[in-house]
Structure formats: structure tokens, C-alpha cells
Amino acid sequence: MQVYNISFQIAPTLQLQWLEWMKSKFIPTIQATACFSDHQFYEIDVTEDQAPTYTLQLYTQNPETLTQYQEQLSPSIMDDLHNTWGDQCFHFITTMRIVN
């Protein structure tokens, strides 16, 4: 199983608005690609002086599907993230394989 992980830090003043956007637009847009069989969206425990931090994990059985998503679909989806939130939402992406 392949895991496509996107981690986010959002400006505290925008957290509630951003969460609503993630749940109503960003995640459904990714799900509509049909590249992933499931997902989990987590809030990461951080100290009070850190920005709210979240991670979205998307699961697929097929490495080729993940490559297709990364090359053909992700750029426009991530552009929407940048265009909507700019530098108020820092993110980075990692890919992983489940080994157990």
C-alpha cells in the first residue's frame, strides 16, 4: 500500500475557515480523482507556540496510480491550495509504503 501524505501548518487566525475549506473542497476534489481508496485527516498535537498542524494521508494500492496523480492531477489541486491560502498555509508532501 502506498501512502501520499500532505502535512500542513495554517495561520491560527484562519484555522476554522481553512478546516471547512479542506473538508468541503480540497479533500473532495482529491477523492473525485478516484486515485485513492481511502484517506485519513489528522490534527497533530503541537505546543501552544506552534501553528495548528494537520496531515492528510491518502491510500492507494497501485504505485502507478500514485505516479499518475503526482504528475497529472496534483499540480492543479495544489495550485488551488496556493491560490486560496498563499503563504498562510505551509505544506510539504511525502510518500510512504506501509510495510507491516
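In helix α2, the residues T65, L66, Y69, S74, I77, M78, L81 and W85 are buried, where buried means under 20% relative accessible area, exposed means over 50%, and partly exposed lies in between (1.4 Å probe, protein chains only). The model is predicted, so local features need pLDDT of at least 70 and side-chain atom pairs count only at pLDDT 80 or more, while totals for chains, interfaces and linings use all residues. Residues are numbered from 1 along each chain as its sequence is written, and side-chain values use heavy atoms, with hydrogens and water left out. Helices (H or I, at least four residues) and strands (E, at least two) are DSSP runs, numbered from the N terminus.

**Helix α2**

- The cover over the buried residues of α2 includes β1, α1 (15–32), β3 and β4.
- S74 belongs to helix α2 and is buried because its relative accessible area is 6%.
- Leaving aside residues up to four places away in sequence, S74 touches Y4 and Y69; contact means heavy atoms within 4.5 Å.
- At L73, α2 bends by about 55°, and a proline, P75, follows within four residues; the bend at a residue is the angle between axes fitted to the seven residues ending there and the seven starting there.
- At the start of α2, the backbone nitrogen of E64 has a side-chain oxygen of N62 within 2.8 Å.
- Just after α2, G86 adopts a positive phi of about 55°.

**The sheet**

- Four strands form an open sheet in the order β2-β3-β1-β4, with antiparallel pairing; two strands pair if DSSP finds at least two bridges between them.
- The edge strands, each of which pairs on one side only, are β2 (38–44) and β4 (89–97).
- On average, and with direction ignored, neighbouring strands of this sheet are turned by 15° against each other; axes are lines fitted to C-alpha atoms, for helices over the stretch in contact, and angles run from 0 to 180 degrees between N-to-C directions.
- Helix α2 (residues 63–85) packs on the sheet and touches β1, β3 (53–60) and β4, and its direction makes about 10° with that of β1.
- In general, strands of a sheet pair through backbone hydrogen bonds, either parallel or antiparallel.

**Strand pairs**

- Nine bridges pair β1 (residues 2–10) with β4 in the antiparallel sense, and the bridge partner of F8 in β4 is H91.
- Strands β1 and β3 run antiparallel and are joined by eight bridges; in β3, Y54 stands opposite F8.
- Strands β2 and β3 also run antiparallel, joined by seven bridges; in β3, L58 stands opposite H39.

**Burial of β3**

- Strand β3 is largely enclosed by the rest of the structure, because eight of its eight residues are buried.
- Both faces of β3 are covered, with T53, T55, Q57 and Y59 buried on one side and Y54, L56, L58 and T60 buried on the other.

- A34 lies in the loop between α1 and β2, and its phi is near 60°, a positive value in a residue other than glycine.
- Most residues other than glycine have a negative phi.
- A34 counts as exposed because its relative accessibility is 65%.
- C35 counts as buried because its relative accessibility is 6%, and C89 counts as buried because its relative accessibility is 5%.
- A search of the whole structure finds zero disulfides, a disulfide being a pair of cysteine sulfur atoms within 2.5 Å.

Definitions and conventions
A polar contact is a pair of N or O atoms within 3.5 Å; within protein, one must be able to donate a hydrogen and the other to accept it, and residues adjacent in sequence count only if both atoms are side-chain atoms.
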